[in-house]
Amino acid sequence: MKGLIIKDVFALRQQGKILLGLLAFYAFYSIMFENISMLAAMIVLLCVMLPLTTMAYDEKSKWEKYALSMPIERKTIVQSKYLFAIVAELIGVVIVGILSGLIVLFTDEMKIMEMLIMTLVIGGVGLVFLAIILPILFKFGVEKARFIMLIVVFIPTMLVMMIPHLDIVPPSIQIVKLFGYLSPLIILGLLMFSIKMSIAIYNRKEF
Amino acid sequence: MENVLEVKNLSKDYEGFHLQNVSFSLPKGCIMGLIGENGAGKSTTIKLLLNLIHRDGGDIQIFSKCNLTHEKAIKEELGVVLDESNFPDNLCARDIDLVMKSVYAKWDQNVFSSYLRRFALPDRKRVKDYSKGMKMKLSIAVALSHHPRFLILDEATSGLDPMVREEILDIFLEFIQDEEHSILISSHIISDLEKIADYITFIHKGKVMFSEVKDSLLEDYGILKCTHTEFDQLDKELIIGCRKNQFGVEALVRRKKLQGKFLIDSAGIEDIMLFHSRGAGR
(Lines give C-alpha, C1' and ligand atoms only; values in the text may rest on other atoms or scores of the structure.)
Protein backbone atom coordinates (compact mmCIF):
# COMPACT_ATOMS: atom_id res chain seq x y z
CA MET A 1 0.00 0.00 0.00
CA LYS A 2 2.71 2.46 1.05
CA GLY A 3 4.78 1.60 -1.98
CA LEU A 4 1.86 2.20 -4.32
CA ILE A 5 1.09 5.59 -2.81
CA ILE A 6 4.74 6.63 -2.97
CA LYS A 7 4.73 5.57 -6.61
CA ASP A 8 1.65 7.70 -7.35
CA VAL A 9 3.19 10.71 -5.65
CA PHE A 10 6.40 10.28 -7.66
CA ALA A 11 4.46 9.82 -10.88
CA LEU A 12 2.56 13.05 -10.25
CA ARG A 13 5.62 15.05 -9.30
CA GLN A 14 5.84 16.68 -12.69
CA GLN A 15 2.14 17.43 -12.80
CA GLY A 16 2.29 18.53 -9.19
CA LYS A 17 4.11 21.70 -10.15
CA ILE A 18 1.45 22.56 -12.71
CA LEU A 19 -1.28 21.74 -10.19
CA LEU A 20 0.29 23.91 -7.53
CA GLY A 21 0.65 26.69 -10.08
CA LEU A 22 -3.03 26.41 -10.95
CA LEU A 23 -3.98 26.36 -7.28
CA ALA A 24 -1.87 29.42 -6.55
CA PHE A 25 -3.50 31.23 -9.47
CA TYR A 26 -7.03 30.46 -8.31
CA ALA A 27 -6.13 31.19 -4.70
CA PHE A 28 -4.85 34.61 -5.76
CA TYR A 29 -7.93 35.11 -7.90
CA SER A 30 -10.32 34.15 -5.12
CA ILE A 31 -8.62 36.42 -2.59
CA MET A 32 -8.53 39.34 -5.02
CA PHE A 33 -12.19 39.03 -5.86
CA GLU A 34 -13.17 37.77 -2.43
CA ASN A 35 -14.92 34.85 -4.02
CA ILE A 36 -13.91 31.45 -2.80
CA SER A 37 -16.38 29.36 -4.77
CA MET A 38 -14.29 29.34 -7.93
CA LEU A 39 -11.23 28.05 -6.08
CA ALA A 40 -13.30 25.51 -4.19
CA ALA A 41 -14.81 24.15 -7.38
CA MET A 42 -11.37 23.96 -8.98
CA ILE A 43 -9.94 22.06 -6.05
CA VAL A 44 -12.70 19.50 -6.12
CA LEU A 45 -12.29 19.11 -9.85
CA LEU A 46 -8.51 18.68 -9.57
CA CYS A 47 -8.89 16.12 -6.85
CA VAL A 48 -11.31 14.14 -8.94
CA MET A 49 -8.79 14.36 -11.77
CA LEU A 50 -5.88 13.10 -9.65
CA PRO A 51 -6.79 9.41 -9.59
CA LEU A 52 -7.63 9.71 -13.26
CA THR A 53 -4.15 11.04 -13.99
CA THR A 54 -2.34 8.38 -11.97
CA MET A 55 -4.47 5.68 -13.56
CA ALA A 56 -3.67 7.05 -17.00
CA TYR A 57 0.04 6.75 -16.17
CA ASP A 58 -0.50 3.22 -14.89
CA GLU A 59 -2.34 2.25 -18.04
CA LYS A 60 0.28 3.75 -20.31
CA SER A 61 3.13 1.84 -18.69
CA LYS A 62 1.02 -1.27 -17.98
CA TRP A 63 2.08 -0.88 -14.41
CA GLU A 64 -0.79 -2.85 -12.88
CA LYS A 65 0.18 -6.08 -14.60
CA TYR A 66 3.67 -5.64 -13.22
CA ALA A 67 2.51 -4.61 -9.74
CA LEU A 68 0.35 -7.72 -9.53
CA SER A 69 3.40 -9.89 -10.20
CA MET A 70 4.80 -8.49 -6.94
CA PRO A 71 3.49 -9.31 -3.47
CA ILE A 72 0.67 -6.79 -3.89
CA GLU A 73 -2.93 -7.87 -3.65
CA ARG A 74 -5.55 -6.68 -6.08
CA LYS A 75 -7.62 -5.10 -3.36
CA THR A 76 -4.58 -3.15 -2.13
CA ILE A 77 -4.26 -1.52 -5.54
CA VAL A 78 -7.90 -0.43 -5.37
CA GLN A 79 -7.65 0.76 -1.77
CA SER A 80 -4.51 2.75 -2.49
CA LYS A 81 -6.28 4.68 -5.24
CA TYR A 82 -9.14 5.56 -2.91
CA LEU A 83 -6.83 6.52 -0.09
CA PHE A 84 -4.73 8.69 -2.38
CA ALA A 85 -7.77 10.48 -3.84
CA ILE A 86 -9.44 11.02 -0.46
CA VAL A 87 -6.29 12.34 1.18
CA ALA A 88 -5.66 14.65 -1.79
CA GLU A 89 -9.19 15.93 -1.51
CA LEU A 90 -8.97 16.48 2.22
CA ILE A 91 -5.81 18.50 1.71
CA GLY A 92 -7.68 20.51 -0.92
CA VAL A 93 -10.59 21.10 1.43
CA VAL A 94 -8.24 22.24 4.19
CA ILE A 95 -6.68 24.72 1.76
CA VAL A 96 -10.13 26.02 0.82
CA GLY A 97 -10.95 26.26 4.52
CA ILE A 98 -7.83 28.26 5.32
CA LEU A 99 -8.28 30.59 2.37
CA SER A 100 -11.90 31.27 3.08
CA GLY A 101 -10.95 31.77 6.72
CA LEU A 102 -8.56 34.47 5.60
CA ILE A 103 -11.24 36.08 3.50
CA VAL A 104 -13.66 36.05 6.43
CA LEU A 105 -10.96 37.52 8.65
CA PHE A 106 -10.07 40.43 6.41
CA THR A 107 -13.44 41.20 4.88
CA ASP A 108 -17.02 40.82 5.94
CA GLU A 109 -17.83 38.89 2.82
CA MET A 110 -18.98 35.76 4.64
CA LYS A 111 -19.96 34.59 8.07
CA ILE A 112 -17.78 31.98 9.73
CA MET A 113 -20.64 29.49 9.85
CA GLU A 114 -21.52 30.00 6.24
CA MET A 115 -17.90 29.51 5.25
CA LEU A 116 -17.52 26.31 7.23
CA ILE A 117 -20.66 24.84 5.76
CA MET A 118 -19.63 25.74 2.24
CA THR A 119 -16.21 24.12 2.68
CA LEU A 120 -17.76 20.98 4.06
CA VAL A 121 -20.37 20.79 1.33
CA ILE A 122 -17.69 21.09 -1.31
CA GLY A 123 -15.66 18.38 0.38
CA GLY A 124 -18.73 16.17 0.50
CA VAL A 125 -19.58 16.74 -3.15
CA GLY A 126 -15.99 15.84 -4.08
CA LEU A 127 -16.21 12.58 -2.15
CA VAL A 128 -19.51 11.69 -3.79
CA PHE A 129 -17.95 12.26 -7.19
CA LEU A 130 -15.01 10.02 -6.26
CA ALA A 131 -17.36 7.31 -5.06
CA ILE A 132 -19.16 7.38 -8.40
CA ILE A 133 -16.18 7.81 -10.68
CA LEU A 134 -13.62 5.35 -9.31
CA PRO A 135 -15.64 2.17 -9.98
CA ILE A 136 -16.24 3.47 -13.51
CA LEU A 137 -12.50 4.01 -13.92
CA PHE A 138 -11.68 0.53 -12.68
CA LYS A 139 -14.32 -1.01 -14.90
CA PHE A 140 -13.71 0.79 -18.19
CA GLY A 141 -10.19 2.16 -17.95
CA VAL A 142 -9.26 5.80 -18.29
CA GLU A 143 -9.87 6.11 -22.01
CA LYS A 144 -13.53 5.14 -22.00
CA ALA A 145 -14.22 6.39 -18.49
CA ARG A 146 -13.40 9.94 -19.56
CA PHE A 147 -16.59 10.22 -21.59
CA ILE A 148 -18.69 8.48 -19.00
CA MET A 149 -17.29 10.89 -16.44
CA LEU A 150 -18.40 13.85 -18.51
CA ILE A 151 -21.93 12.50 -18.41
CA VAL A 152 -21.70 11.78 -14.69
CA VAL A 153 -20.65 15.36 -14.04
CA PHE A 154 -22.96 16.84 -16.65
CA ILE A 155 -26.28 15.29 -15.62
CA PRO A 156 -26.30 16.51 -11.99
CA THR A 157 -25.26 19.98 -13.17
CA MET A 158 -28.13 19.98 -15.66
CA LEU A 159 -30.56 18.87 -12.97
CA VAL A 160 -29.43 21.57 -10.57
CA MET A 161 -29.80 24.16 -13.30
CA MET A 162 -33.28 22.90 -14.15
CA ILE A 163 -34.60 23.04 -10.61
CA PRO A 164 -35.69 26.71 -10.66
CA HIS A 165 -37.72 26.06 -13.80
CA LEU A 166 -39.49 23.04 -12.43
CA ASP A 167 -41.85 24.59 -9.87
CA ILE A 168 -40.77 22.12 -7.22
CA VAL A 169 -41.72 23.12 -3.72
CA PRO A 170 -38.39 23.57 -1.91
CA PRO A 171 -37.99 21.19 1.02
CA SER A 172 -38.49 22.70 4.44
CA ILE A 173 -35.52 23.92 6.48
CA GLN A 174 -35.90 20.96 8.83
CA ILE A 175 -35.49 18.45 6.06
CA VAL A 176 -32.46 20.25 4.65
CA LYS A 177 -30.92 20.36 8.11
CA LEU A 178 -31.63 16.69 8.72
CA PHE A 179 -30.09 15.85 5.38
CA GLY A 180 -27.08 17.95 6.30
CA TYR A 181 -26.55 16.10 9.56
CA LEU A 182 -27.04 12.73 7.94
CA SER A 183 -24.85 13.47 4.93
CA PRO A 184 -21.53 12.37 6.51
CA LEU A 185 -23.07 8.96 7.16
CA ILE A 186 -24.55 8.81 3.69
CA ILE A 187 -21.24 9.74 2.09
CA LEU A 188 -19.33 7.25 4.22
CA GLY A 189 -21.78 4.52 3.26
CA LEU A 190 -21.52 5.49 -0.39
CA LEU A 191 -17.72 5.36 -0.26
CA MET A 192 -17.71 1.96 1.44
CA PHE A 193 -20.09 0.60 -1.15
CA SER A 194 -18.02 2.15 -3.93
CA ILE A 195 -14.79 0.54 -2.60
CA LYS A 196 -16.51 -2.84 -2.34
CA MET A 197 -17.76 -2.52 -5.88
CA SER A 198 -14.37 -1.46 -7.23
CA ILE A 199 -12.66 -4.41 -5.54
CA ALA A 200 -15.23 -6.79 -6.99
CA ILE A 201 -14.68 -5.27 -10.44
CA TYR A 202 -10.91 -5.40 -10.08
CA ASN A 203 -10.86 -9.01 -8.89
CA ARG A 204 -12.50 -10.06 -12.12
CA LYS A 205 -10.12 -8.07 -14.30
CA GLU A 206 -7.63 -9.83 -16.57
CA PHE A 207 -4.27 -8.35 -17.48
CA MET B 1 14.35 -34.01 -7.14
CA GLU B 2 12.16 -31.27 -5.71
CA ASN B 3 10.18 -29.23 -8.19
CA VAL B 4 10.05 -25.49 -7.92
CA LEU B 5 7.18 -25.31 -10.36
CA GLU B 6 4.49 -27.82 -11.20
CA VAL B 7 1.81 -27.10 -13.73
CA LYS B 8 -0.98 -29.62 -14.22
CA ASN B 9 -3.69 -29.60 -16.88
CA LEU B 10 -3.75 -25.85 -17.05
CA SER B 11 -6.50 -24.53 -19.32
CA LYS B 12 -7.66 -21.13 -20.39
CA ASP B 13 -10.27 -20.39 -23.01
CA TYR B 14 -10.23 -17.27 -25.08
CA GLU B 15 -12.31 -16.62 -28.11
CA GLY B 16 -10.32 -18.20 -30.92
CA PHE B 17 -7.56 -19.48 -28.67
CA HIS B 18 -7.48 -22.25 -26.12
CA LEU B 19 -4.72 -23.19 -23.78
CA GLN B 20 -5.33 -26.88 -23.33
CA ASN B 21 -4.14 -29.13 -20.53
CA VAL B 22 -0.72 -27.58 -20.25
CA SER B 23 1.43 -29.64 -17.89
CA PHE B 24 5.11 -29.43 -17.13
CA SER B 25 7.38 -29.25 -14.12
CA LEU B 26 10.66 -27.53 -13.40
CA PRO B 27 13.10 -29.10 -10.95
CA LYS B 28 14.82 -26.83 -8.47
CA GLY B 29 18.16 -25.45 -9.62
CA CYS B 30 17.37 -25.62 -13.32
CA ILE B 31 16.56 -23.26 -16.17
CA MET B 32 13.56 -24.02 -18.33
CA GLY B 33 13.05 -22.38 -21.67
CA LEU B 34 9.49 -21.90 -22.85
CA ILE B 35 9.42 -21.78 -26.63
CA GLY B 36 6.73 -21.40 -29.24
CA GLU B 37 5.71 -18.98 -31.93
CA ASN B 38 3.92 -15.72 -31.24
CA GLY B 39 0.46 -16.41 -29.90
CA ALA B 40 1.25 -20.01 -29.02
CA GLY B 41 0.38 -19.51 -25.36
CA LYS B 42 3.69 -18.75 -23.67
CA SER B 43 2.63 -15.43 -22.22
CA THR B 44 -0.79 -16.80 -21.33
CA THR B 45 0.92 -19.57 -19.37
CA ILE B 46 3.13 -17.09 -17.54
CA LYS B 47 0.18 -14.81 -16.79
CA LEU B 48 -1.62 -17.80 -15.31
CA LEU B 49 1.38 -18.61 -13.12
CA LEU B 50 1.23 -15.06 -11.79
CA ASN B 51 -2.58 -15.00 -11.47
CA LEU B 52 -2.81 -12.02 -13.78
CA ILE B 53 -5.62 -13.84 -15.56
CA HIS B 54 -8.10 -16.39 -14.29
CA ARG B 55 -7.66 -20.01 -15.27
CA ASP B 56 -10.48 -22.19 -16.52
CA GLY B 57 -8.96 -25.34 -15.13
CA GLY B 58 -5.84 -26.98 -13.77
CA ASP B 59 -3.48 -26.61 -10.90
CA ILE B 60 -0.25 -24.66 -10.35
CA GLN B 61 2.21 -25.23 -7.54
CA ILE B 62 5.16 -22.91 -6.97
CA PHE B 63 7.61 -23.82 -4.19
CA SER B 64 5.20 -26.77 -3.61
CA LYS B 65 2.44 -24.32 -2.64
CA CYS B 66 -0.77 -23.57 -4.47
CA ASN B 67 -0.36 -20.27 -6.30
CA LEU B 68 -3.90 -19.16 -5.48
CA THR B 69 -3.95 -19.68 -1.74
CA HIS B 70 -0.32 -18.70 -1.05
CA GLU B 71 -0.13 -15.98 -3.67
CA LYS B 72 1.51 -13.29 -1.57
CA ALA B 73 4.10 -15.52 0.10
CA ILE B 74 5.07 -16.97 -3.27
CA LYS B 75 5.42 -13.59 -4.91
CA GLU B 76 7.75 -12.39 -2.16
CA GLU B 77 10.27 -14.90 -3.45
CA LEU B 78 9.60 -14.47 -7.12
CA GLY B 79 11.53 -12.21 -9.45
CA VAL B 80 9.51 -11.28 -12.51
CA VAL B 81 10.58 -9.59 -15.72
CA LEU B 82 7.88 -8.92 -18.28
CA ASP B 83 8.44 -8.17 -21.94
CA GLU B 84 8.67 -4.43 -21.44
CA SER B 85 9.53 -1.95 -18.77
CA ASN B 86 6.43 -1.32 -16.70
CA PHE B 87 7.53 1.62 -14.62
CA PRO B 88 5.66 4.87 -15.04
CA ASP B 89 7.79 7.01 -17.35
CA ASN B 90 8.70 9.78 -15.00
CA LEU B 91 10.18 7.71 -12.21
CA CYS B 92 13.94 7.34 -11.85
CA ALA B 93 15.87 4.38 -10.46
CA ARG B 94 16.16 6.08 -7.08
CA ASP B 95 12.36 6.47 -6.88
CA ILE B 96 11.90 2.84 -7.81
CA ASP B 97 14.27 1.86 -5.03
CA LEU B 98 12.06 3.69 -2.52
CA VAL B 99 8.85 2.22 -3.92
CA MET B 100 10.17 -1.34 -3.90
CA LYS B 101 11.44 -0.97 -0.36
CA SER B 102 7.84 -0.82 0.77
CA VAL B 103 6.68 -3.52 -1.62
CA TYR B 104 9.09 -6.38 -0.92
CA ALA B 105 9.79 -7.44 2.65
CA LYS B 106 13.31 -8.51 1.70
CA TRP B 107 14.19 -5.62 -0.62
CA ASP B 108 17.93 -5.00 -0.48
CA GLN B 109 18.98 -1.48 -1.36
CA ASN B 110 22.65 -2.41 -1.47
CA VAL B 111 22.08 -5.19 -3.97
CA PHE B 112 19.95 -2.85 -6.08
CA SER B 113 22.54 -0.09 -6.18
CA SER B 114 25.28 -2.57 -6.99
CA TYR B 115 23.24 -3.79 -9.98
CA LEU B 116 22.66 -0.19 -11.05
CA ARG B 117 26.41 0.39 -11.00
CA ARG B 118 27.14 -2.86 -12.76
CA PHE B 119 24.64 -2.10 -15.54
CA ALA B 120 25.81 1.52 -15.66
CA LEU B 121 22.26 2.77 -15.06
CA PRO B 122 22.10 6.40 -13.93
CA ASP B 123 19.92 6.56 -10.83
CA ARG B 124 18.61 10.08 -11.36
CA LYS B 125 17.71 9.78 -15.01
CA ARG B 126 14.04 9.25 -15.69
CA VAL B 127 12.97 5.87 -17.06
CA LYS B 128 11.50 7.46 -20.16
CA ASP B 129 14.98 8.64 -21.18
CA TYR B 130 16.42 5.13 -20.85
CA SER B 131 17.12 3.05 -23.93
CA LYS B 132 15.27 -0.22 -24.41
CA GLY B 133 18.25 -2.22 -23.19
CA MET B 134 18.60 -0.03 -20.12
CA LYS B 135 14.92 -0.43 -19.29
CA MET B 136 15.26 -4.19 -19.51
CA LYS B 137 18.36 -4.14 -17.32
CA LEU B 138 16.52 -2.01 -14.80
CA SER B 139 13.66 -4.53 -14.68
CA ILE B 140 16.18 -7.31 -14.18
CA ALA B 141 17.92 -5.38 -11.41
CA VAL B 142 14.55 -4.95 -9.69
CA ALA B 143 13.73 -8.63 -10.15
CA LEU B 144 17.00 -9.67 -8.51
CA SER B 145 17.21 -7.22 -5.62
CA HIS B 146 14.88 -8.89 -3.14
CA HIS B 147 16.71 -12.21 -2.92
CA PRO B 148 14.24 -14.19 -5.04
CA ARG B 149 14.49 -17.96 -5.39
CA PHE B 150 12.73 -18.22 -8.70
CA LEU B 151 12.89 -15.96 -11.73
CA ILE B 152 10.07 -15.82 -14.25
CA LEU B 153 11.05 -14.03 -17.42
CA ASP B 154 8.66 -13.32 -20.26
CA GLU B 155 10.50 -12.39 -23.45
CA ALA B 156 13.14 -10.67 -21.37
CA THR B 157 15.75 -10.77 -24.13
CA SER B 158 13.69 -10.00 -27.20
CA GLY B 159 14.27 -6.70 -28.92
CA LEU B 160 17.75 -6.34 -27.46
CA ASP B 161 21.06 -6.35 -29.29
CA PRO B 162 23.35 -9.40 -29.03
CA MET B 163 25.78 -7.72 -26.64
CA VAL B 164 23.12 -6.80 -24.11
CA ARG B 165 21.52 -10.24 -24.47
CA GLU B 166 24.84 -11.89 -23.77
CA GLU B 167 25.32 -9.72 -20.69
CA ILE B 168 21.84 -10.56 -19.44
CA LEU B 169 22.26 -14.27 -20.05
CA ASP B 170 25.46 -14.14 -18.00
CA ILE B 171 23.50 -12.63 -15.11
CA PHE B 172 21.03 -15.48 -15.32
CA LEU B 173 23.80 -18.05 -15.31
CA GLU B 174 25.30 -16.34 -12.28
CA PHE B 175 21.92 -16.43 -10.52
CA ILE B 176 21.54 -20.13 -11.16
CA GLN B 177 24.90 -20.92 -9.49
CA ASP B 178 22.99 -21.11 -6.22
CA GLU B 179 21.29 -24.48 -6.41
CA GLU B 180 18.24 -23.17 -4.56
CA HIS B 181 17.56 -20.89 -7.52
CA SER B 182 15.56 -21.65 -10.67
CA ILE B 183 14.53 -19.81 -13.82
CA LEU B 184 11.61 -20.07 -16.21
CA ILE B 185 12.27 -18.06 -19.33
CA SER B 186 10.08 -17.67 -22.37
CA SER B 187 11.56 -16.44 -25.60
CA HIS B 188 11.32 -16.82 -29.30
CA ILE B 189 15.05 -16.25 -29.59
CA ILE B 190 15.87 -19.93 -29.52
CA SER B 191 19.63 -19.48 -29.63
CA ASP B 192 19.53 -17.73 -26.24
CA LEU B 193 17.65 -20.60 -24.70
CA GLU B 194 19.89 -23.14 -26.38
CA LYS B 195 22.80 -21.50 -24.56
CA ILE B 196 21.39 -21.51 -21.04
CA ALA B 197 18.37 -23.79 -20.67
CA ASP B 198 18.43 -27.24 -19.07
CA TYR B 199 14.86 -28.02 -20.05
CA ILE B 200 12.88 -27.00 -23.08
CA THR B 201 9.09 -26.83 -23.11
CA PHE B 202 7.55 -26.27 -26.49
CA ILE B 203 4.04 -24.86 -26.67
CA HIS B 204 2.22 -24.92 -29.98
CA LYS B 205 -1.31 -23.64 -30.49
CA GLY B 206 -2.05 -23.82 -26.78
CA LYS B 207 -0.72 -27.34 -26.28
CA VAL B 208 2.54 -28.65 -24.91
CA MET B 209 4.25 -30.53 -27.74
CA PHE B 210 7.12 -31.63 -25.53
CA SER B 211 8.81 -30.74 -22.26
CA GLU B 212 12.18 -32.42 -22.05
CA VAL B 213 15.79 -32.12 -21.00
CA LYS B 214 17.56 -30.10 -23.67
CA ASP B 215 20.49 -32.44 -24.15
CA SER B 216 18.30 -35.48 -24.61
CA LEU B 217 16.25 -33.54 -27.15
CA LEU B 218 19.41 -32.84 -29.08
CA GLU B 219 20.43 -36.49 -28.85
CA ASP B 220 17.04 -37.95 -29.69
CA TYR B 221 16.14 -35.92 -32.69
CA GLY B 222 17.84 -35.82 -36.04
CA ILE B 223 17.15 -34.50 -39.48
CA LEU B 224 16.82 -37.19 -42.08
CA LYS B 225 17.84 -36.27 -45.58
CA CYS B 226 16.60 -38.53 -48.34
CA THR B 227 15.04 -38.65 -51.79
CA HIS B 228 11.30 -38.56 -52.46
CA THR B 229 11.13 -42.27 -53.24
CA GLU B 230 12.98 -43.19 -50.08
CA PHE B 231 10.69 -40.93 -48.13
CA ASP B 232 7.56 -42.48 -49.57
CA GLN B 233 8.68 -45.91 -48.41
CA LEU B 234 9.12 -44.77 -44.81
CA ASP B 235 6.61 -45.43 -42.09
CA LYS B 236 4.86 -42.09 -41.72
CA GLU B 237 4.53 -42.71 -37.98
CA LEU B 238 8.24 -42.03 -37.66
CA ILE B 239 8.09 -38.62 -39.29
CA ILE B 240 7.46 -35.70 -36.97
CA GLY B 241 7.59 -33.06 -39.64
CA CYS B 242 9.07 -32.69 -43.06
CA ARG B 243 10.11 -30.20 -45.67
CA LYS B 244 10.02 -31.21 -49.31
CA ASN B 245 11.72 -29.58 -52.23
CA GLN B 246 12.51 -30.70 -55.75
CA PHE B 247 15.80 -32.33 -54.75
CA GLY B 248 14.63 -34.36 -51.82
CA VAL B 249 13.07 -34.38 -48.41
CA GLU B 250 14.24 -33.22 -45.02
CA ALA B 251 12.35 -34.71 -42.12
CA LEU B 252 12.61 -34.55 -38.37
CA VAL B 253 12.81 -38.02 -36.89
CA ARG B 254 13.70 -39.73 -33.65
CA ARG B 255 17.08 -41.28 -34.34
CA LYS B 256 16.51 -44.49 -32.39
CA LYS B 257 13.26 -45.39 -34.05
CA LEU B 258 14.64 -45.27 -37.55
CA GLN B 259 16.17 -48.59 -38.62
CA GLY B 260 18.47 -48.87 -41.57
CA LYS B 261 21.07 -46.76 -43.27
CA PHE B 262 20.06 -43.15 -43.55
CA LEU B 263 21.80 -39.85 -43.62
CA ILE B 264 20.82 -38.11 -40.39
CA ASP B 265 22.08 -34.68 -39.39
CA SER B 266 21.90 -33.34 -35.89
CA ALA B 267 18.92 -31.12 -35.19
CA GLY B 268 19.02 -27.89 -33.21
CA ILE B 269 16.20 -26.76 -30.93
CA GLU B 270 15.07 -24.38 -33.63
CA ASP B 271 14.82 -27.20 -36.20
CA ILE B 272 12.95 -29.34 -33.72
CA MET B 273 10.51 -26.54 -33.06
CA LEU B 274 10.01 -25.65 -36.71
CA PHE B 275 9.47 -29.21 -37.86
CA HIS B 276 7.14 -29.91 -34.96
CA SER B 277 4.87 -27.03 -35.84
CA ARG B 278 5.09 -27.96 -39.52
CA GLY B 279 4.11 -31.52 -38.68
CA ALA B 280 1.26 -30.42 -36.48
CA GLY B 281 -0.01 -28.28 -39.30
CA ARG B 282 -0.20 -31.17 -41.77
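View 1. Two strands pair if DSSP finds at least two bridges between them, and strands (E, at least two residues) and helices (H or I, at least four residues) are DSSP runs, numbered from the N terminus. In this predicted model, local features need pLDDT of at least 70 and side-chain atom pairs count only at pLDDT 80 or more, while totals for chains, interfaces and linings use all residues. Residues are numbered from 1 along each chain as its sequence is written, with chains lettered from A and ligands numbered from 1 in the order in which they are written. Six strands of chain B form an open sheet with mixed pairing, in the order E6-E7-E8-E3-E9-E10. Strand E6 (78-81) and strand E10 (207-213) of chain B are the edge strands, each pairing on one side only.

**View 2. Strands E7 and E8 of chain B.** Strand E7 (residues 150-154) and strand E8 (residues 182-186) of chain B pair in the parallel sense over five bridges, and B:Asp154 stands opposite B:Ser186 in E8(B).

**View 3. Helix H1 of chain B.** Seven of the eight residues of H1(B) are buried (20 or more other C-beta atoms within 10 Å of a residue's own, with C-beta atoms placed from the backbone), among them B:Ile46 and B:Leu48. H1(B) is followed by B:Asn51, whose phi is positive, near 60 degrees.

**View 4. Where chain A meets chain B.** Counting residues as in contact if their C-beta atoms, placed from the backbone, lie within 7 Å, 23 residues of chain A are in contact with 23 residues of chain B. On the side of chain A that touches chain B, H1(A) gives the most, with eight residues.

Definitions and conventions. Buried ≥ 20, exposed ≤ 12 C-beta atoms within 10 Å, placed from the backbone. Contact = placed C-beta atoms within 7 Å.
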